[in-house]
Amino acid sequence: MTIDTAKADLSSPAATSAVASKPLIALKGVSKVFSNGTTALQNMTMDVHQGEFISLLGPSGCGKSTVLRIIAGLGDVSSGAIEWPTSGHDATGKATPEISFVFQEPTLMPWATVFNNVWLPLRLKGVSKTAAREDVLGALEMVGLEKFADAYPRELSGGMKMRVSIARALVTRPKLLLMDEPFAALDEITRFKLNNDLLHLWEKFGWTVIFVTHSVFESVYLSNRIVVMAARPGRVVNDMPVDAAYPREEEFRTSTVYNDYCRKASNALHQAMGANDHL
Amino acid sequence: MSAIETDKTVDIAPAELDEPAPVAAPSDSLGERILKIVIPIAMLALLVGLWAWYVKAYNVPHYILPSPWLVAQTLVQDWGILSAALLVTLKITFSALAIALVGGVGLAVVMTQSRWIEIAIYPYAVILQVTPIVAIAPLILIYAPTTQSAILICAWIVAFFPVLSNTAQGLKSTDHNLLNLFELYGASRWQTLFLLKMPNALPYFLAGLRIAGGLALIAAVVAEFAAGSAGAGSGLAFRLQEAGFRLKIPRLFSALLLLSATGVVIFFCTSMISHLLLRRWHESALKREN
Ligand SMILES: Nc1ncnc2c1ncn2[C@@H]1O[C@H](COP(=O)(O)OP(=O)(O)O)[C@@H](O)[C@H]1O
Ligand SMILES: [Mg+2]
């Protein structure tokens, strides 16, 4: 019985926490102008709540990666502010949220084994190899790669490399997972599989996920909120909830609800792209 | 934070693997391996045979071109002189190489830590490199306290640059996303250097080492030639020159043989080191397999 209620709660993490609670991240009028004069982001305001699975959807060049990097603390904002109302702060007053980042490429160190690649975030925090062993193997088990701890990245397929990259992001048990088109370079079969695995893990651990994609289908399948962005200058043009219950399995891909949301998101995306008619 | 332990009740479908396990790469077949040894040996035998035949057939006098047999004999007879000279040359070559490695890597690290230091130093490294060593050798011979140290300095100048420029290039060409990742996880400058930039620079450094190894020997020989009679009783190049002056052509050939062999051994050693360090992960050390 207890398991059932737990599951019900987990199936809509956003609903439980979004109500009146403080957001995890508050972007307030954030702009980013690069030194070459490109306005990558203009006046972006967005609240991210605990437990949400947000997709940032938009054509390439609309500033999706820039938003993620700013949230991760890589690079400063040109104007506006980013606040972490619920996170701890270090001595200098800087927020210390527990973030992990998954890039479009697996971004593994080719000279290190799978184990050592996953150990890296802990190693940088001073955790010894023996002390980290259990956590690293646990993370590898989550992505189904526990047998490959001693392999080198070059011995793995593209999908397996991406799994290692995800295991590395999970090993620190982050509260916030930032993913920048993590599956864009994979074939469709592998992508669907990793979509499902990612959703299962998210349902289990209840992280907050910000997932960048340019695929309408992927964004609808995964997320409970889609933020559509337009380019030149990069900005938010639409913010729509996807109120379909989790767990979502393969059947969801063929359901009418799914199709309706895809059409809606697709229209929003086309409007965003038509806005500057640059195709 | 402890969600992993506490949430055991929730069932999660483990990611299944449709991808096959990597199996040990098949090594070369036996026949291929034998051929790899037999072909070079057969080629060598052919060339030496041709040489021996030419000397005999055309009655070439030994002060023009000694037969391979005579060269081998001289090598044994003069082994006392030649081996002592070889030792001197080897000592200089390897000392120069060692200092070049330490200095090259050290300076490369310093240069990549600060752009200003790079701007200040790099031009001089280039100037040292592009100036022909024979042109500065006489000056160095005058300034250095001993002839041996002058030769060492010459060999070092030549061997130093490939190590420096290759290592610096390797340190700078680190993947930006990996650098971002290190920054995200709060890596210190030293952690980034030792865990990311250094391993990334390793293949570049090793390519520099292979060039530097050969160059150190060449530069040592060139400097000995430049030293001329000042280097009396010293390295292989001196013995070579001396044999030439005295028309002891068989000994000249023996010394030459030793020099080439030394160069080959150095090349083989540096290639071996490179292969051993890179064989698990770097494309250059992997057999292409489709
Ligand atoms: N380091 C940079 N310097 C200058 N311009 C950049 C830089 N990074 C990104 N841009 C520009 O900012 C805009 C947004 O880039 P990005 O966030 O990477 O878009 P997306 O991830 O949506 O494809 C693009 O026009 C891109 O050319
Ligand atoms: Mg991008």
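Helices (H or I, at least four residues) and strands (E, at least two) are taken here as DSSP runs, numbered from the N terminus. On that basis, chain B holds eleven helices and zero strands, and reading from its N terminus gives α-α-α-α-α-α-α-α-α-α-α. The structure is a predicted model, in which local features need pLDDT of at least 70 and side-chain atom pairs, taken over heavy atoms without hydrogens or water, count only at pLDDT 80 or more, while totals for chains, interfaces and linings use all residues. Residues are numbered from 1 along each chain as its sequence is written, with chains lettered from A and ligands numbered from 1 in the order in which they are written.

Chain B has 290 residues, and 39% of them count as buried (under 20% relative accessible area, 1.4 Å probe, protein chains only). Its accessible surface, from the Shrake-Rupley method with a 1.4 Å probe, comes to about 16,700 Å², and carbon and sulfur atoms contribute 70% of that.

Turning to chain A, six strands form an open sheet with mixed pairing, in the order β5-β6-β7-β3-β8-β9; two strands pair if DSSP finds at least two bridges between them. β5 (99-102) and β9 (235-241) of chain A each have a single partner strand and stand at the edges, so one side of each lacks a neighbour in the sheet. From one strand to the next, the twist averages 15°, with angles running from 0 to 180 degrees between N-to-C directions of axes fitted to C-alpha atoms, for helices over the stretch in contact.

Methods:
Buried < 20%, exposed > 50% of the residue type's maximum accessible area, 1.4 Å probe, protein only.
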